[in-house]
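Work through the exercises below with the structure open. Each task is followed by its solution.

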Amino acid sequence: MRKITDPAQFGRVAVVMGGSSAEREVSLDSGRNVLTALKARGVDAHAIDGIPALLDALRAGHFARVFNILHGQHGGGEDGVLQGALESLHVPYTGSGVLGSALSMDKTRSKRVWQSLGLPTPKFVALPRGADMHAAAKEIGFPLIVKPACEGSSVGVTRVFEEKDLDAAVALAEKYPGDLLMETLIVGDELTVGMLGRQVLPSIHIVPKGAFYDYNAKYIAEDTRYICPGLEGEAEASLRALSLEAFDALGCFGWGRVDVMRDREGRNWLLEVNTAPGMTSHSLVPKAAAVAGIDYQELCWRVLETSFRETQ
């Protein structure tokens with residue numbers, strides 16, 4: 001990754017945030033923080049809300065590169081659509097390209113790639129709308145997780161322990177576009193590992209006060225505990241190595257975050273990859289970066305450096 005010393009080398013930067021996905025408010029919060037940090041480091045950075053406004057500005061020649069802090073799909077910037085548009089305009093941008101973004105947003109296909117490589121991920125069934133959810137649940141076995149296959153930030157996710165609660169979980173997940181995913185509920189610790197260039201950041205063990213790390217625990221609650229690094233010694237080293245392997249397997253690069261469950265026997269299970277992770281006051285990549293000696297402004301600078309690809 002190219003090291004930049006002069007903010008002028010970035011040119012005029014569009015920090016694209018907000019958009020129209022289910023994660024709009026989180027993205028706006030992330031974007032405001034990123035914008036403030038870049039400006040404090042002397043970068044000529046400007047806020048843009050959503051993809052249509054960004055593309056209009058780029059066609060008019062207003063920006064040299066894009067810091068993408070949109071979250072989610074369908075108007076978010078994590079599903080490959082924005083990346084394809086930027087590639088067609090030859091505009092450099094942060095984070096993964098079309099393939100890595102699209103694969104990571106689709107949890108079902110992510111898991112199929114990992115399975116093909118022998119990487120551990122919970123047993124799952126991909127469910128098109130109208131599928132027999134109860135038959136699928138019998139195949140998976142309780143307890144299980146039901147979620148939209150292509151949403152982030154724990155949107156529409158339910159832990160189901162008994163069959164009587166299955167229909168309500170499916171109804172919640174079906175409020176969001178696309179297919180559903182049903183997978184084995186791994187009982188254990190929730191961990192996440194941030195990526196910054198080729199640097200694997202220390203893991204974070206997430207300890208929510210409630211039953212699990214849901215949307216409220218991620219973005220609102222003040223009582224979620226974060227232990228960083230989440231593991232020690234060889235356990236930490238193997239988790240980081242697995243996370244990097246999973247990240248690379250999906251064609252991701254630049255920066256991101258890999259979410260993992262660690263069961264009671266100490267086995268790691270891959271859940272998903274986020275290619276434009278949150279950058280709010282509650283977010284995980286900034287917490288891990290801080291433990292690695294990288295403050296928030298420096299983190300934003302380094303993420304922006306990922307917009308310089310080897311081919312550019």
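**Exercise 1.** Find the buried residues of helix α3 (residues 81–89) and decide how they are arranged around the axis.

Solution. Ground rules: this is a predicted model, where local features need pLDDT of at least 70, side-chain atom pairs count only at pLDDT 80 or more, and totals for chains, interfaces and linings use all residues. Residues are numbered from 1 along each chain as its sequence is written, and side-chain values use heavy atoms, leaving out hydrogens and water.

Step 1. Leu82, Gln83, Ala85 and Leu86 are the buried residues of α3 (under 20% relative accessible area, 1.4 Å probe, protein chains only; exposed is over 50%, partly exposed in between). Helices are DSSP runs of H or I, at least four residues; strands are runs of E, at least two.

Step 2. Down the axis of α3, these residues fall within an arc of 160 degrees (directions from the axis to the C-beta atoms), so they line one face.

Step 3. Val81 and Ser88 are exposed on the face turned away from the buried side.

**Exercise 2.** Which elements do the buried residues of α3 pack against?

Solution. They pack against β1, α2 (51–59), β3 (65–68) and α4 (98–105), with contact meaning heavy atoms within 4.5 Å.

**Exercise 3.** At what angle do the axes of α2 and α3 cross?

Solution. Step 1. The axes come within 11 Å and cross at roughly 5 degrees. Axes are lines fitted to C-alpha atoms over the stretch in contact; angles run from 0 to 180 degrees between N-to-C directions.

Step 2. That makes α2 roughly parallel to α3 (under 35 degrees).

Step 3. Ile51, Leu54, Leu55, Leu58 and Arg59 in α2 meet Leu82, Ala85, Leu86 and Leu89 in α3.

Notes. Angles under 35 degrees count as roughly parallel, over 145 as roughly antiparallel, 65 to 115 as roughly perpendicular and the rest as oblique.
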